[in-house]
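Let's walk through this one together, from the inside out. Have the viewer open and follow along.

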Amino acid sequence: MATTGGSGTRVKAPKRPEVRLSALEPYTGGGLEPDGDYDGLEFGETELARQDGGGARFMDCALRTCALDETRLAHARFLDSVLTAPRGVGTDLSEATLRDVELLDARLGGVQLHGAALERVLIRGGKIDYLNLRGSRLTDVVFENCVLVEPDFGGAALARVSFPGCVLRGADLAGATLTDVDLRAREQTDRCGRVGIRELT
């Protein structure tokens, strides 16, 4: 499947995640633990602010309306999971792995995802300010109907990434490598223009 970018070039469309969660157990723990293992759990309106879940694994989990202010999730892995309406400032997801993940209606600011790996991820609705994706790898990622204010893709590798219906303000793409990327958005302003982008076909 392919779409036509703004220059008329045919690009491959991203593969979207297909997350099908079965019956989940409510999370009743007192807080996140570094290198913790969370499988088949539902975090409902859970206060996770300023907790340390570095290196933790979330498998077949749902996080709904959770507070993530300054939560440390560096090197964490989110697999086959859904995050609905997370909110917070300064969440640390540096070098995290997100695979087959849906992030819906987020209200986040200053999220650190530098050096992360995103594969088959849908980010739909909501608003994310100052998203740091420097040096990350994005494969089959869809940003859909969301507002992104000054996202930083500097030095990142993007393959099959699209932004349908988004408001994209001040995106930094300096030194990024783009393969089958559709940068069309409902509204877009560039901070760095197209300087420093390497496009591979």
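How much space lies in the largest cavity? Before the answer, some ground rules. This is a predicted model, where local features need pLDDT of at least 70 and side-chain atom pairs count only at pLDDT 80 or more, while totals for chains, interfaces and linings use all residues. Residues are numbered from 1 along each chain as its sequence is written, and side-chain values use heavy atoms, with hydrogens and water left out.

Back to the cavity: its space comes to about 190 Å³. A cavity here is a set of points, on a 1 Å grid over the protein atoms alone, where a 1.4 Å probe fits but cannot get out; lining residues have an atom within 4 Å of a point. Grid points are joined across faces, edges and corners, and the volume is the space filled by probe spheres set on the points. By this rule there is one cavity of 30 Å³ or more.

What surrounds that space? The lining has 16 residues, with L93, L98, L103, L108 and L113 lying nearest the centre. By class, 16 are nonpolar, and there are no polar and no charged ones (Ala, Val, Leu, Ile, Met, Phe, Trp, Tyr, Cys and Pro count as nonpolar, Asp, Glu, Lys and Arg as charged, the others, Gly among them, as polar). Strands β8, β10 and β11 each supply at least two lining residues, and β10 gives the most, with four.

Now zoom out to the fold. The protein has zero helices and 18 strands, both taken as DSSP runs numbered from the N terminus (helices H or I, at least four residues; strands E, at least two). Of its 201 residues, 52% are buried, where buried means under 20% relative accessible area, exposed over 50%, and partly exposed in between (1.4 Å probe, protein chains only). Among contacts (heavy atoms within 4.5 Å) between residues at least 6 apart in sequence, 11% join residues at least 24 apart.

Next, the nonpolar core, meaning a set of buried Ala, Val, Leu, Ile, Met, Phe, Trp, Tyr and Cys residues joined through side-chain atoms within 4.5 Å. In soluble globular proteins, nonpolar side chains tend to be buried together. The largest core here holds 50 residues, and F43, F78 and F143 touch the most other members. Several strands supply at least two core residues each, including β5 (41-44), β8 (77-84), β10 (97-109) and β12 (137-144). The largest share, five residues, comes from β10. Pick out F43 and look around: leaving aside residues up to four places away in sequence, F43 touches Y27, L32, Y38, F58, C61, A62, L63, R64 and C66.

Finally, the charges. There are 13 salt bridges, each a side-chain nitrogen of Lys or Arg within 4 Å of a carboxyl oxygen of Asp or Glu. D39 pairs with R57, the closest N and O atoms being 3.7 Å apart. D39 counts as partly exposed because its relative accessibility is 46%.

R134 and D152 also meet in a salt bridge, at 3.0 Å from N to O. R134 lies in the loop between β11 and β12 and D152 in the loop between β13 (147-149) and β14, so the pair ties together parts 18 residues apart in sequence. Buried or partly exposed: which is D152? D152 is buried, at 15% relative accessible area, whereas R134 is partly exposed at 40%.

Definitions and conventions. On a 1 Å grid over the protein atoms alone, a cavity is a set of points where a 1.4 Å probe fits but cannot get out, and a pocket is an open set with protein on both sides within 12 Å along at least five of seven lines; lining residues have an atom within 4 Å of a point.
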